[in-house]
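Subject: Structure handover

Hello,

Here is the structure you were waiting for. Please open it next to this email and follow along.

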Amino acid sequence: MKALRRVLKGRVLLCGYYGEHNLGDDALLQVLASQIPSHWALVVTARDPEAVLSLVSGVTTVSRRSLSETIQALDRVDALVLGGGSLLQDGTSFKSLVYYLVLLWSARCKGIPILLWGQGLGPLHRRFSRLLVKYTLKGIRAVSWRDPHSIEQAQRWKLRIPMVMGPDPVWCHPSPLWSGGNRLILCWRPTSLLDNRGWSVLLDAVDRFSSSGCSEVIWLAFHADQDASLWHELHRHDLIPEGLRQRSIQMHAESLEHVQLLFSEAALVIAMRLHALILAATGGCPTAALSYDPKVKAAAQLASLPWSDLEGQLNSDHLIHQWQQTMQSSCDQSQLAQLKNAANCHQHMLVEELNKLSV
């Protein structure tokens with residue numbers, strides 16, 4: 001029965017951090033779904049099914065918060081794709097890593113082919129985590145990694161599986177061209193790397209920078225459940241200068257289209273969020289990064305975008321100079337085109353492997 005279903009129309013389970021009101025993962029899902037061959041039907045793990053259906057119509061959803069339901073869904077599909085992000089990591093929690101490892105081993109036991117698409121590997125802080133991931137990956141059909149560190153780690157483990165590496169798949173997401181404007185957009189998140197003094201330096205720089213030429217400062221909550229609290233925390237500790245407070249507007253990102261429209265009409269985007277950085281840059285908007293994680297620094301360097309490391313010593317004058325230089329220079333369109341072309345490797349791997357399964 002399964003072989004017959006595969007010939008007629010295969011079903012693939014897309015597993016990721018979907019339907020969690022994080023626009024970065026929403027963008028990953030849209031790109032991934034667009035790259036699946038049309039003769040495959042999609043089943044998607046989702047916390048909020050309506051949010052997923054608004055991004056990709058006509059799919060079947062399964063609760064990603066229920067591991068048992070997700071494992072049961074494996075009985076109704078012909079392939080499993082772990083799509084985008086860094087799912088195999090214990091930096092968020094060991095429990096999160098166990099979720100994905102149990103799912104992968106369940107798929108292996110059921111004979112379901114497994115593909116990893118646009119994945120980052122790690123961080124894996126525990127030796128036990130590294131051992132578990134290493135032996136789990138030996139049963140994967142093929143992988144596309146999104147950064148050099150991940151493929152280098154996999155190669156050190158001597159994994160004998162097809163592997164490719166390219167820039168994050170969201171570089172392939174279609175974006176409206178930047179038309180310019182006078183709003184400063186901040187896509188920031190809470191981070192333990194900054195204490196009150198660090199936030200004061202950063203906010204002083206934003207206040208002084210935005211006081212000349214910026215009509216508004218938009219605090220854009222890219223991840224609704226995490227980012228919206230940042231303004232209130234900073235305000236509660238009396239860290240936001242009065243001038244910046246008066247120019248500021250707090251805004252929840254309503255959709256990817258809403259975010260991309262804002263980016264296309266911005267004077268500058270200063271992003272901590274990786275996919276906010278990418279989505280702003282793909283349209284040609286002047287973009288600067290604040291790196292709380294090596295993946296943000298790596299993406300900025302790949303696109304020759306200015307960045308500052310939040311683990312280092314922040315200097316207001318340096319930040320202001322960097323942002324002014326960014327606004328005055330144009331994006332290198334040829335380099336962006338090269339990035340998008342290089343990111344197509346994820347699609348090539350996916351299509352090739354799914355087509356093999358359809359034969």
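Below is what was found in it, taken topic by topic.

A caution before the rest: this is a predicted model.

**The cavity**

The count of cavities of 30 Å³ or more comes to one. The largest cavity holds about 40 Å³ of space. Its lining includes Ser175, Pro176, Leu177 and Trp178. Gln260, Phe263 and Ser264 also line it, as do Leu279, Ala280, Gly283 and Cys285. Two helices, helix 11 (256-264) and helix 12 (274-282), each give at least two residues to this lining. Helix 11 has the largest share, with three residues. By class, the lining has seven nonpolar and four polar residues, and no charged ones.

**Helix 12**

How many of the residues of helix 12 are buried? Nine of the nine are, so the helix is largely enclosed by the rest of the structure. The buried residues include Leu279 and Ala280, and both of these line the largest cavity. Also buried are Leu274, His275, Ala276, Leu277, Ile278, Ala281 and Thr282. After helix 12 comes Gly284, with a positive phi near 95 degrees.

**The second largest pocket**

This pocket holds about 220 Å³ of space. Its lining has 16 residues. Nearest its centre lie Leu23, Asp26, Ala253, Glu254 and Ser255. Helix 2 (23-35), helix 3 (49-55) and helix 11 each give two or more residues to the lining. The lining divides into eight nonpolar, five polar and three charged residues.

**Cysteines**

How many disulfides are there in the model? The count is zero. Cys15 is in none, and its nearest cysteine sulfur, that of Cys109, is 16 Å away. Cys15 is also buried, with a relative accessible area of 1%. For Cys187, the closest cysteine sulfur is in Cys285, 9.6 Å away, which is too far for a bond. The cut-off for a disulfide is 2.5 Å between the sulfur atoms. Cys187 is buried too, at 0% relative accessibility. Its closest cysteine partner, Cys285, is one of the residues that line the largest cavity.

**Ser210**

Ser210 lies in helix 8 (residues 196-210). Is Ser210 buried or exposed? Ser210 is buried, with a relative accessible area of 0%. A polar atom of its side chain lies 3.3 Å from the backbone oxygen of Asp207. The Ser210 side chain also makes a polar contact with the side chain of Arg247, at 3.2 Å. Setting aside neighbours within four places in sequence, Ser210 is in contact with Leu184, Val217, Leu244 and Arg247.

**Val143**

Val143 is in strand 6 (residues 142-145). Val143 is buried, with a relative accessible area of 0%. Which residues does Val143 contact, leaving aside its neighbours within four places in sequence? They are Leu116, Ile161, Pro162, Met163, Val164 and Met349. Ser106 is 37 residues from Val143 along the chain, and their C-alpha atoms are separated by 18 Å.

Best wishes

Methods:
Residues are numbered from 1 along each chain as its sequence is written. This is a predicted model: local features need pLDDT of at least 70, side-chain atom pairs count only at pLDDT 80 or more; totals for chains, interfaces and linings use all residues. Side-chain values use heavy atoms; hydrogens and water are left out. On a 1 Å grid over the protein atoms alone, a cavity is a set of points where a 1.4 Å probe fits but cannot get out, and a pocket is an open set with protein on both sides within 12 Å along at least five of seven lines; lining residues have an atom within 4 Å of a point. Grid points are joined across faces, edges and corners, and a volume is the space filled by probe spheres set on the points. Helices (H or I, at least four residues) and strands (E, at least two) are DSSP runs, numbered from the N terminus. Ala, Val, Leu, Ile, Met, Phe, Trp, Tyr, Cys and Pro count as nonpolar, Asp, Glu, Lys and Arg as charged, and the others, Gly among them, as polar. Buried means under 20% relative accessible area, exposed over 50%, partly exposed in between (1.4 Å probe, protein chains only). Contact means heavy atoms within 4.5 Å. A polar contact is a pair of N or O atoms within 3.5 Å; within protein, one must be able to donate a hydrogen and the other to accept it, and residues adjacent in sequence count only if both atoms are side-chain atoms.
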